[in-house]
Amino acid sequence: MFIIRKPVFSDVDDIYNLIEGYASEGIMLPKPHSVLYETLREFVVAVEAETGKVVGTGALHITWNEIAEVRSMAVHRDFNRRGIGADIVRRLLKEGREVGVKKFFTLTYRPEFFESLGFSIVPRDSLPHKIWKECIDCPKFANCDETALTLEE
């Protein structure tokens, strides 16, 4: 059994390791510790109930009026295919709806996962320009190969 909860400072290393495991393979963007601390309240973690081990994470980043990005989704490989990622996304969507988010988006290398949760593939240039301010720092900015998806309420 798994519990989805807000993270605490002692979870930052586990969040970092989950993200870095995929980032080192080029299938996720890295997040330095400094960014994780600054954005800790955007995250949720999935914790194995019996051991307390952090086995998944994701974040909801509000980018503009009623628009938010689901980002930094990672589930430990030993715990894939157990519904943890879907539960994390559902929790993030719930948090977004509670503050009035009407449009969710994600940029991902795993579009089929998000499609299974109701997201639809859209052209990247259909997303508001405001969301790209953080992408400028990405090493793949000029040649972004992620798929954009949205979910509108």
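**Briefing: salt bridges, strands and cores**

Lys6, Arg91 and Glu95 are linked in a network of salt bridges (a side-chain nitrogen of Lys or Arg within 4 Å of a carboxyl oxygen of Asp or Glu). The whole structure holds 10 salt bridges. This is a predicted model: local features need pLDDT of at least 70, side-chain atom pairs count only at pLDDT 80 or more, and totals for chains, interfaces and linings use all residues. Residues are numbered from 1 along each chain as its sequence is written, and side-chain values use heavy atoms, with hydrogens and water left out.

- Side chains of opposite charge can pair when their charged atoms come close.
- Helix α3 covers residues 84-98 (helices are DSSP runs of H or I, at least four residues; strands are runs of E, at least two; both are numbered from the N terminus).
- Arginine 91 and glutamate 95 form a salt bridge of 3.1 Å, N to O. They sit 4 residues apart in α3, about one turn of the helix.
- Arginine 91 counts as partly exposed because its relative accessibility is 25% (buried means under 20% relative accessible area, exposed over 50%, partly exposed in between; 1.4 Å probe, protein chains only).
- Arginine 90 bridges to aspartate 87 at 3.0 Å, N to O. These two are 3 residues apart in α3.
- Glutamate 98 pairs with lysine 94, with the closest N and O atoms 2.6 Å apart. Glutamate 98 is exposed at 56% relative accessibility, while lysine 94 is partly exposed at 47%.

**Glutamate 48, buried without a salt bridge**

- Glutamate 48 lies in strand β2, residues 43-48.
- Glutamate 48 is buried but has no salt bridge. The nearest side chain of opposite charge is arginine 82, 5.2 Å away (Lys and Arg count as positive, Asp and Glu as negative; His and the chain ends are not counted).
- The side chain of glutamate 48 does make a polar contact of 2.7 Å with that of threonine 51 (a pair of N or O atoms within 3.5 Å; within protein, one must be able to donate a hydrogen and the other to accept it, and residues adjacent in sequence count only if both atoms are side-chain atoms).
- Leaving out residues up to four places away in sequence, glutamate 48 touches Met1, Phe2, Lys53, Val55 and Phe79 (contact means heavy atoms within 4.5 Å).

**Strands and turns**

- β2 and β3 pair in the antiparallel sense over 5 bridges (strands pair if DSSP finds at least two bridges between them). Valine 44 has glycine 58 of β3 as its bridge partner.
- β3 and β4 are also antiparallel, over 7 bridges. Histidine 61 stands opposite glutamate 69 in β4.
- The β3-β4 hairpin has 2 residues between its strands, and glutamate 66 in the turn has a positive phi of about 65 degrees.
- In β3, 9 of the 11 residues are buried.

**Nonpolar cores**

- The largest nonpolar core has 22 residues (buried Ala, Val, Leu, Ile, Met, Phe, Trp, Tyr and Cys residues joined through side-chain atoms within 4.5 Å). Val70, Val89, Phe104 and Phe119 touch the most other members.
- Elements giving two or more residues to this core are β2, β3, β4, α3 and β7. α3 gives the most, with 6 residues.
- A second, separate core of 14 residues includes Met28, Leu40, Val45 and Ala59.
- Beyond its neighbours within four places in sequence, valine 70 contacts residues including Val89, Leu92, Phe114 and Phe119.
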